[in-house]
Amino acid sequence: MQSNTPSAPDSQSLTADDSESTAPTICVMVFNANDPSGAGGLAADISAVSSVGGHVAPVVTGTYVRDSAEIFDHYAFEDETVAEQARAVLEDMPLHAIKVGFVGSPENLSAISEIAADYADVPVIAFMPDLSWWQDDLIDQYHDAFRELLLPQTSVLVGNHSTLWRWLLPDWGSERPPSARDLAMAVAEIGVPYLLVTGIPAAERHIDNVLASPQTVLGSGRFERFEVTFIGAGDTLSATLAALIATGSDLGEATSEALTYLDGCLQHGFRPGMGHVLPDRMFWAQPDDEDTDDDVSPSAVAEGFDLPPHDTQH
């Protein structure tokens, strides 16, 4: 009787076509700034999307000047540079989702909105970070351009409750804070069908994260409030959500999984410098204590391999 089990191919005979089955099946293009601290920006996007099995196509829109405590400045790339990066990739590989973080200028927002319009079937997940570190006039210009150019293309908008409140409902007159549905109704007027609001204060030292449409609350996740200040959480969440949506997951399921992943990142957060705590987006890859080999001595392995100083000899 013949076996239906295929034989393993010779490793030397593998071609590019043979290896396609092992490649990531989704591609997420992310527009974001470089963050040299590794807290957010492209660093967060790349590690988060990769963690859920996606391939990242990172488009650099500029760079922060920052450490783990604060943002000192930002330098935006020219819009043509941003567009050329994206167009080159888009002509080469299929795209399953677009994530937009902080891109630094209205001109870059315009370039990205044109690209999104050309790929209207690709969902756009947009994240609005806290821009209070920036100059007021630049914030206003950026918010106006984001509202006019990108929001009409956006499938899901992600942002912190207080950030979205200040931006979308600056004249809110009620004594109670706006709900997620209130904010969702505000963005629906511009064309955004879904809104994920994070960091809503809740009872007993908890925070709510709510996915809403203008009609209803579609889902929520309540998590215990941490006693430390995190940076990079918003980029992490929005990039993860984009990757999960790219896989074809239902929006509610994708949101739940993204929030659970973010909670794990925060629970395993670490402080690499003298500033705030960063999410550990690779926490799932850390070995368990029982997996470590007690028979191997790190000092013995490293013996004889000390790196010399790299100061220039003259």
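Which helices each supply at least two residues of the negative patch? They are helix H2 (79-90) and helix H3 (106-118). The model is predicted: local features need pLDDT of at least 70, side-chain atom pairs count only at pLDDT 80 or more, and totals for chains, interfaces and linings use all residues. Residues are numbered from 1 along each chain as its sequence is written, and side-chain values use heavy atoms, with hydrogens and water left out.

The negative patch consists of Glu78, Asp79, Glu80, Glu84, Glu107 and Glu114. H2 gives the largest share, three residues. Glu107 belongs to helix H3. Glu107 is partly exposed, at 46% relative accessible area. Buried means under 20% relative accessible area, exposed over 50%, and partly exposed in between (1.4 Å probe, protein chains only). Helices (H or I, at least four residues) and strands (E, at least two) are DSSP runs, numbered from the N terminus. Patch residues have over 30% relative accessible area and no salt bridge; like charges are joined within 9 Å, and nonpolar side chains (Val, Leu, Ile, Met, Phe, Trp, Tyr) within 5 Å. Asp and Glu count as negative, Lys and Arg as positive; His and the chain ends are not counted. Each charge is placed at NZ of Lys, CZ of Arg, CG of Asp or CD of Glu. Areas come from the Shrake-Rupley method with a 1.4 Å probe; for residues, only the protein chains shown count as cover. A nonpolar surface patch of about 300 Å² is made by Val65, Phe72 and Tyr75. Tyr75 sits in strand S3 (residues 71-76).

Salt bridges number seven in the whole structure. A salt bridge is a side-chain nitrogen of Lys or Arg within 4 Å of a carboxyl oxygen of Asp or Glu. Asp45 and Lys99 form one, at 2.6 Å from N to O. Asp45 lies in helix H1 (residues 41-51) and Lys99 in strand S4, so the pair ties together parts that are 54 residues apart in sequence. Asp45 is buried, at 0% relative accessible area. Lys99 is buried too, also at 0%. Lys99 forms a salt bridge with Asp235 as well, with the closest N and O atoms 2.8 Å apart. This pair links strand S4 to helix H7 (residues 233-246), 136 residues apart. Asp235 counts as buried, at 8% relative accessibility. Ile98 is another residue of strand S4. Ile98 is buried, at 1% relative accessibility. Its C-alpha atom is 6.9 Å from that of Ala242, 144 residues apart along the chain.

Aromatic pairs number eleven in the whole structure. Rings of Phe, Tyr and Trp (its six-membered ring) pair if their centres lie within 6.5 Å; planes under 30 degrees apart count as stacked, over 60 as edge-to-face and the rest as tilted. The centres of Phe102 and Trp133 are 5.8 Å apart and the planes stand at 85°, so this pair is edge-to-face. Phe102 is in the loop between strand S4 (97-100) and H3, and Trp133 in the loop between strand S5 (124-128) and helix H4 (136-150), 31 residues apart. Trp133 is partly exposed, at 24% relative accessible area. Phe102 and Trp134 have ring centres 5.2 Å apart and planes at 85°, so they too are edge-to-face. Both Phe102 and Trp134 are buried. One aromatic cluster holds Tyr64, Phe102, Trp133, Trp134, Tyr142, Phe146 and Trp167.
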